[in-house]
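Here is a short report on a protein structure. It covers aromatic rings and strand pairing.

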Amino acid sequence: MKIKNENEEILSLIDRSRLPEHVAIIMDGNGRWAQSMGLPRIAGHQAGMKSVKRVIQTANDMGIKALTLYAFSTENWSRPPKEIEALMTLLCRYLRMEVENLNKQNVQIRFMGRIYQLPELVQRELDKATKATSKNSGLILNIALNYSGRADIVDGVSHLAADIHVGKIQVDEINEAVFQRYLSTADLPEVDLLIRTSGEMRISNFLLWEIAYTELWITPIYWPEFNREHFYQALIDYQKRKRRFGGTAAL
Ligand code: IPE
Ligand code: IPE
Ligand code: MG
């Protein structure tokens with residue numbers, strides 16, 4: 001009961017008409033959380049899945065349009081094979097268990113990154129989940145897998161060059177808006193808010209082009225402990241920011 005009241009209090013501080021349209025999260029600190037509990041790193045990833053579910057539910061309840069989660073970077077292949085395998089297994093298990101729930105919540109799941117380089121078994125699960133939720137009109141849940149901001153820009157450039165080569169587009173037609181359409185986030189709203197857990201003050205090759213004017217919110221909390229209240233706090237802080245986009249503050 002007490003928790004509910006506290007939630008209501010913090011919720012009343014959020015202006016529903018000024019929510020970020022697109023929130024992106026660098027879910028970091030699973031390993032350190034596990035270490036702090038005397039557990040193996042993989043237990044941290046397992047615990048992190050609960051935070052994933054919480055954050056999806058919260059974003060959907062709030063009416064946020066898109067949520068992009070950084071689940072596996074192109075650099076994460078440098079981790080021990082056992083850890084990578086555990087991450088892939090957890091992902092597949094999550095998808096098998098949660099698709100029904102995502103459908104109930106009207107959440108549409110998508111994936112971005114070099115998906116074709118993932119194990120085939122994983123690719124099949126991603127495909128199933130994408131198709132099963134494709135008609136949903138609620139939150140767009142965009143999961144970044146084998147993703148990096150630089151790789152996505154390079155892939156976009158390569159695709160654009162191919163289109164120039166076949167005459168689909170002329171060199172003098174290229175501008176920011178045109179190039180943006182070649183990125184994986186092309187049909188999503190601008191990323192208004194980027195959250196990173198575990199206190200690291202870096203981007204770790206996540207969205208690069210997209211965060212030009214994104215508001216950043218970094219918390220020392222490890223990902224497995226990130227809960228609804230932390231998310232609400234990020235939204236409250238976001239709403240206090242004066243977004244100037246290079247201009248002057250409105251008086
Ligand atoms: C984030 O937690 C999960 C992934 C990168 C897949 P980490 O595994 O990076 O945890 P720390 O940063 O080592 O604590
Ligand atoms: C970023 O976390 C990648 C994901 C959350 C998937 P990392 O743990 O890989 O980032 P670094 O190594 O601390 O920069
Ligand atoms: Mg980390």
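## A tilted aromatic pair

Tyr213 counts as partly exposed because its relative accessibility is 48%. Buried means under 20% relative accessible area, exposed over 50%, and partly exposed in between (1.4 Å probe, protein chains only).

This is a predicted model: local features need pLDDT of at least 70, side-chain atom pairs count only at pLDDT 80 or more, and totals for chains, interfaces and linings use all residues. Residues are numbered from 1 along each chain as its sequence is written, chains are lettered from A and ligands numbered from 1 in the order in which they are written, and side-chain values use heavy atoms, with hydrogens and water left out.

## Aromatic rings

The structure holds eight aromatic pairs. Rings of Phe, Tyr and Trp (its six-membered ring) pair if their centres lie within 6.5 Å; planes under 30 degrees apart count as stacked, over 60 as edge-to-face and the rest as tilted. Phe72 and Trp77 are edge-to-face, because their ring centres are 4.9 Å apart and their planes stand at 75 degrees. Phe72 is buried at 2% relative accessibility. Trp77 is partly exposed at 34%.

Tyr213 and Phe245 form a tilted pair, with 5.4 Å between centres and 55 degrees between planes. Tyr70, Tyr147 and Phe206 form one aromatic cluster.

## Strand 1

Strands here are DSSP runs (E, at least two residues), numbered from the N terminus. Strand 1 spans residues 22–26, and five of its five residues are buried, so the strand is largely enclosed by the rest of the structure.

Two strands pair if DSSP finds at least two bridges between them. Strand 1 pairs with strand 2 (residues 66–73) in the parallel sense over five bridges. There, Ile25 has Leu69 as its bridge partner.

How values were computed:
Helices (H or I, at least four residues) and strands (E, at least two) are DSSP runs, numbered from the N terminus.
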